[in-house]
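Trainee: I would like to go through this model and ask where its labels come from. Can we start once it is on screen?

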Amino acid sequence: MKPHRLTLTNSLVLGYGLHRHLDLFLDPRPASREELEMYHDPKYLNLLEVKTRAAVEPPATSPLSRRREGGTVSHLQRKSAGDWNITNSNPFEQAIFTEDCPVFGGMNDFFCQYTGASLAGARSLVSGQSDIAINWSGGLHHAKKAEPSGFCYVNDIVLAILEMLRYHPRVLYIDIDIHHGDGVEQAFYHSNRVFTVSLHKYNGSFFPGTGKLEDIGSGQGKYFCANIPLEDGIDDAAYLSIFREVIGDIITMFKPSSIVLQCGADSLGCDKLGCFNLSIKAHGDCVRFIKNFNLPLLILGGGGYTIDNVARCWTYETAVLTGTDIPDQLPRGPYYSYFAPDYKLHKVWDKKWDNENEAPRLRNMVANIRSKLRYLHGAPSVVMGEEGFPVNLKEWLEQEEKRIRDGEEIEEEGDDEYMKDVRKEDRHFGKGQFFQDDNDNRGEVTGEKDPDVEVRDGDGRRRARGGARRGAGVVEEDEGEGAELQAAEQLHQALAILML
Ligand SMILES: [Zn+2]
């Protein structure tokens, strides 16, 4: 999953001085067990905890164990989980803990941290503390209620949306990762309070194998779900045209009170797993388009496997969100060599996929989706209690659960293939795609270099309002190199939320 890409992103954000336009909310509280249970099956969470404890600990003298004693989860930034794999003897566990969802020491810390950050971002929005919250470490959209998938163990997006539903009647979820946002769609497939829309590669066999145009929600959630399946090689013009047209219409018809945008960067050109041709600018234009609606906005990361391009993309999008123009020349910093040979923000892809998306098919698809939106009949109403929406979230979740159960019974009779497709197909894919064992965290750009990031503990929750003088090495700062290095070390903790 390449957590090192977050370190690269932070180094660029810092190098460009974008942190001066943000509140930094470092080292947010990990998600609690109670919070995880708002969506995930307690038995599944028990299994994750047991597996984490049973994982082989790293040697006591290793740098990893020293860092663990320091209370960070930063060991994930430099060490493959492959060393810690244990053998699964139970067939069910073998089926769910695949090559892409390995069991590893610190696994529990890992998902509690990224989920805690997304929850903190959601809370900052509902409390009015911020208008936009960014958690580049979040966006793990494949995790299911009781099953990991595609290196996603806990679905931070679903939990963040549930948190937002306490106070927001309608949440729009948009997913621009190249993979279908299946875990989020499944969670809200029967709900009319969350509209999920995903643009992704789909041919029936590309992971996770779901996301057909015909999947539009079910029960009360019918028409509150849209899928935009694309072929290889889509270019900027076609992607942006579809995105603006469809998302614009959805916002007009659904009238969301807040938006969650998953910004998976594997939809960029030249991604190791991807097959689209999107430029960083076009990816960022999607973010800009959503920002301009001026609704509370939670921005999350996601996929992205060519790590220097992920860092370029998320840095550019941080600039878009802060309304800051930044030069194409990348700032010097501790990871500058990763961006060789061009050292430019808007890298030009050296090869492109053939565009297999025919214009008539795209036009028909857009027309098909727009025709379904008129069935929304205005936004659904929600009973509002004194404390916000809804009166009793627990009760609402139980009702959703019941709807899903009822829906499954119907679907198993053959009326709707969706749920069966999800269960059937999820396990056929993801063989060594998302996680590459010992090579997972290496720098691709400069060959065999292991980043070996030196990470020190932060000092807990620390916030710096825009204007605070913190910066990377090349930015001239009047606090001197010591303060700059301290800031850089704090930002190396990949789990920072950026708030506007
Ligand atoms: Zn992806």
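Mentor: Start with a term: two strands pair if DSSP finds at least two bridges between them. Keep in mind that the model is predicted.

Trainee: What makes β3 and β6 a pair?

Mentor: The cut-off is at least two bridges, and 5 bridges join strand β3 (residues 171-175) to strand β6. The two therefore count as paired, and they run parallel. Within β6, Y173 has V260 as its bridge partner.

Trainee: Which strand do 4 bridges join to β6 (residues 258-262)?

Mentor: That is β7, which runs parallel to β6.

Trainee: Why is β6 described as largely enclosed by the rest of the structure?

Mentor: Because 5 of the 5 residues of β6 are buried. Both faces are covered: S258, V260 and Q262 lie on one side, I259 and L261 on the other. In β7 (residues 297-300), L297 and I299 point one way and L298 and L300 the other way, and all are buried.

Trainee: What is in contact with I299, leaving aside its neighbours within four places in sequence?

Mentor: I299 is in contact with I132, A133, I134, L261, C263 and L321.

Trainee: What makes a group of residues a nonpolar core, and which residues have the most contacts inside the largest one?

Mentor: Members must be buried residues of the listed nonpolar kinds, joined through C-beta atoms within 7 Å. The largest such core has 113 residues, and I161, V260 and I299 have the most contacts inside it. Its largest share, 10 residues, comes from helix α6 (residues 107-126). As a general point, nonpolar side chains in soluble globular proteins tend to be buried together.

Trainee: Why is Q186 called buried?

Mentor: A residue needs 20 or more other C-beta atoms within 10 Å of its own. Q186 has 24 C-beta neighbours inside 10 Å, so Q186 counts as buried. Q186 lies in helix α8 (residues 182-187). Q186 and A143 are 43 residues apart in sequence, and their C-alpha atoms are 9.9 Å apart.

Trainee: Why is α9 called roughly parallel to α12?

Mentor: Helix α9 (residues 236-254) and helix α12 (residues 359-373) pack at about 5°, with axes 10 Å apart. Angles under 35 degrees count as roughly parallel, which means that α9 is roughly parallel to α12. On α9 the contact involves A238, I242, E245, V246, D249, I250 and M253; on α12, L362, V366, I369, R370 and L373. These residues divide into 9 nonpolar, no polar and 3 charged.

Trainee: How many helices and strands does the protein have?

Mentor: It has 15 helices and 8 strands. Of the 500 residues of the protein, 52% count as buried. Among contacts between residues at least 6 apart in sequence, 78% join residues at least 24 apart.

Definitions and conventions:
Residues are numbered from 1 along each chain as its sequence is written. This is a predicted model: local features need pLDDT of at least 70, side-chain atom pairs count only at pLDDT 80 or more; totals for chains, interfaces and linings use all residues. A residue is buried if 20 or more other C-beta atoms lie within 10 Å of its own, exposed if 12 or fewer, and partly exposed in between; C-beta atoms are placed from the backbone. Two residues are in contact if their C-beta atoms, placed from the backbone, lie within 7 Å. Axes are lines fitted to C-alpha atoms, for helices over the stretch in contact, and angles run from 0 to 180 degrees between N-to-C directions. Angles under 35 degrees count as roughly parallel, over 145 as roughly antiparallel, 65 to 115 as roughly perpendicular and the rest as oblique. Ala, Val, Leu, Ile, Met, Phe, Trp, Tyr, Cys and Pro count as nonpolar, Asp, Glu, Lys and Arg as charged, and the others, Gly among them, as polar.
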